[in-house]
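Q: I would like to learn how to read a ligand site and a sheet. Could you take me through it step by step?

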Amino acid sequence: MNADDKYLFDLTGYLVLKDVLTAEEVAQLNAGIDRHRDLMSEIDRPLSGDSQTMQGTSRRKDLGGMLAWESPWCEPFRKLLVHPRIKPYLEEFLGRGYRLDHGPGLIAMDTGCEGGLLHGGGVERKDISEVYFFKSDRIFTGLTVVEYLLADEGPGDGGVAVIPGSHKANLACPQSMIKWEKHQEHVLEVNGKAGDALIFTETLTHGTLPWTAAHERRALLYKFSPGTLSYGSGAHQTAYYDYIEDMTEEERAVMEAPHIRR
Ligand SMILES: O=C(O)CCC(=O)C(=O)O
């Protein structure tokens, strides 16, 4: 990671990194998902609320639990805990000893799938778990998302969207903007190819635009926290499950409960 990336992340709250995964890695991850497809389920509540512009003909489908899948299917997902292209960014933004807070989770969307209301951002954050500030030449951020694209998200397709710079907002985002009904020119549809990765601080206002592409959307989300913080109640509890025993030492360290690391 270079000084430009650090500047741009601080300025906008997100970065898109190109070609993080090879075509082979994308294929392995997608093969694991295909293999476990019967575990994928449509979520039980709509995410589009009463938005006039985010309605669709289906709901998002979710799939989780990849780290505990039987070998070899779990392996490409475990590698993403410490991917050499991503780890330096997480160590810069979250500090050394960053930890998996929750996830990974797959978001899949069929053509016509509804969007999801924008959320998070600036004044709306409730506690230090989603903090963002700059001090001593360092970025400090709480919950941080790494979103690996496993299918292309091209212009006009929909999918993940952000309001650049909103992690520093001092006022609440207008409801009409949260619903993507007004000020759409300030809501950026993030585009990328399968294998690209989006990193964003969860305190950036973000959400999902309705999916219009002919192919299935697949985005794989890992949510990380600094070593001393927790947002979710998830991964640190599961750190004591058997499945971490055969992880590498480097992967297992990311599964630890929050604590002071020296
Ligand atoms: O990739 C997306 O659709 C955004 C997901 C999202 O809003 C979230 O995980 O909080």
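**Reading the ligand shell and a sheet**

A: Happy to! Sorted by class, the shell around the ligand holds 3 nonpolar, 4 polar and 4 charged residues. Keep in mind that this is a predicted model.

Q: Which residues surround the ligand?

A: The shell is made up of Ile 107, His 119, Glu 147, Val 160, Glu 202, His 206, Gly 207, Thr 208, Arg 217, Leu 221 and Lys 223.

Q: How much of the ligand's accessible area does the protein cover?

A: On its own the ligand has 300 Å² of accessible area, and the protein covers 92% of that.

Q: Where does the ligand sit?

A: Look in the largest pocket: the ligand sits there. Strand S12 (206-209) and strand S13 (217-225) are the elements that each give two or more residues to the shell.

Q: How do I read the sheet?

A: Strands of a sheet pair through backbone hydrogen bonds, in a parallel or antiparallel way. Here, 4 strands form an open sheet in the order S5-S12-S9-S10, with antiparallel pairing.

Q: Why is one side of S5 and of S10 left without a neighbour in the sheet?

A: Strand S5 (116-119) and strand S10 (188-189) stand at the edges, and each has a single partner strand, so one side of each lacks a neighbour in the sheet. S5 pairs with S12 over 2 bridges, and Gly 116 is opposite Thr 208 in S12.

How values were computed: Residues numbered from 1 in each chain as written. Predicted model: local features only at pLDDT ≥ 70, side-chain atom pairs only at ≥ 80, totals over all residues. Heavy atoms only, no water. Near = heavy atom within 4 Å. Areas by Shrake-Rupley, 256 points an atom, 1.4 Å probe, with all protein chains shown as cover. 1 Å grid on protein atoms, 1.4 Å probe; cavity = no way out; pocket = protein on both sides within 12 Å on 5 of 7 lines; lining within 4 Å. Sits in = over half its atoms within 2 Å of the grid points. Nonpolar A, V, L, I, M, F, W, Y, C, P; charged D, E, K, R; others polar. Pairing = 2+ DSSP bridges.
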